[in-house]
Amino acid sequence: MLLRQLVITITLLSAAYESYASQQNQPNIIVILADDVSPDKFSFFAQKEAVNTPNIDALAKRGVAFETAYATAMCGPSRVQIMTGRYPEKTGVYQNGIWKGDSRQSVYSNFDNFVQVAKQAGYVTGITGKWNAGEQFPTEPSIGFDEYNLWKGEKSAKGRKGITPFNGAYEDADTPSRYWHPLYTQNGKRLVTTENDYGVDLETEFAMDFVKRHKDKPFLLYWPTVAPHGTRLGMPTTPHRGKPGEMGKTGKQETAARFDALIEYLDFSVGRLVKQLTDLSLLDNTVIIFTSDNGTAVTAKTRGIERGVQVVSIMAGPTIKARGATRELMDFTDIAPTIQDIVAKQNVSRFEFDGNSLWPFLQGKVDETRPW
């Protein structure tokens, strides 16, 4: 009897250790989605319109920066495409105002997404920033996020079955600003903010706290940030913060300066998160994907031309070969199958996506992403 108990104990401990070791070997994943900004604004690509983005440049230098990366020309369909790995003709999401049939209410019930892939592999999942990707709320089972911290919070979840939004989180707010004195809800509660609070900071701090709290298990964090966007209210007027609470409109020259300053502040915020990963000894086991949802507003967004759909796309992390800039083609449908390959386990369902996994190319096993 004692021998039998000893064998059972050893077996259980061995299984527990194998599970722990397996989790430790699974790379963490962070997907950062900038809002309305073209590749020419990032200094790594050395264009005349670029601002100073050293932290994002550092990711490109130790990983891969796709010079021919494509989304759609508008945020709604791009955000659905990155989540589902499917093209608009499949999902029915063609434009911010054109959602075919009931796709606005059910696109994630109809199509798998990269969050489900990660959850099936045992990842804890979180989202912070701006959703704007349909009326299904990120914590619904069909999507699968465990935690959230979102600008405008639960407006889209109001009245939906099984969702209890924080009363008045949007409609009764003092300000709908995404920058100074912003409106955010976090895990069912509206955050109390003042004119000294800044939206990008709230997202960064949630992200830093999320990776710290989950440092002992594999995690997936999706950060579709509110910045820089075409909105010019509350923009910083200096390279980083600017005057707290500033909400007034400005002239064309100052507007452009504020847009550039906010891109630099986003880069600074990415640097804060990377430092947190470094301090927690997580950076060497974390895949970071930095991209944007469409081209810069006013000059590129909504345009059905090259600059409207071309986006920045940088990927760095463990086992990713440092290629720097590459002309190999990728688009937003490739991100979900890439995440599927990163987290792949024998017991994880293999979802079907329109895109191709970039993981073999990122690891240096092949030199082409696709034949066309």
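Modeller: This is a predicted model. Its largest nonpolar core has 50 residues, and F66, M83, W131, F145 and Y222 are those with the most contacts inside it.
Colleague: Which helix gives the largest share of this core?
Modeller: Helix α10, residues 335–343, with five residues.
Colleague: And what does F145 touch?
Modeller: Leaving out residues up to four places away in sequence, F145 touches M83, W131 and Y222, among others. Its list also includes V115, I127, P138 and L220.
Colleague: Changing topic, where is Y87?
Modeller: Y87 sits in the loop between α3 (75–84) and α4 (88–91).
Colleague: Why is Y87 called partly exposed?
Modeller: Because its relative accessible area is 21%, and buried means under 20%.
Colleague: What is Y87 in contact with, beyond four places in sequence?
Modeller: Q81, D331, T333, D354 and W372. With D331 there is a side-chain polar contact of 2.6 Å. As for T333, its C-alpha atom is 6.8 Å from that of Y87, although the two are 246 residues apart along the chain.
Colleague: What about confidence?
Modeller: The chain averages a pLDDT of 85, and 81% of the residues score at least 70. Over residues 6–23 pLDDT stays under 50, and the model has four contacts beyond four places in sequence there. Residues 155–175 also stay under 50, with 40 such contacts.

Definitions and conventions:
Residues numbered from 1 in each chain as written. Predicted model: local features only at pLDDT ≥ 70, side-chain atom pairs only at ≥ 80, totals over all residues. Heavy atoms only, no water. Core = buried A, V, L, I, M, F, W, Y, C linked by side-chain atoms within 4.5 Å. Buried < 20%, exposed > 50% of the residue type's maximum accessible area, 1.4 Å probe, protein only. Helix = DSSP H or I, 4+ residues; strand = E, 2+ residues; numbered from the N terminus. Contact = heavy atoms within 4.5 Å. Polar contact = N/O pair within 3.5 Å; in protein donor to acceptor, adjacent residues only side chain to side chain. pLDDT = per-residue confidence, 0-100.
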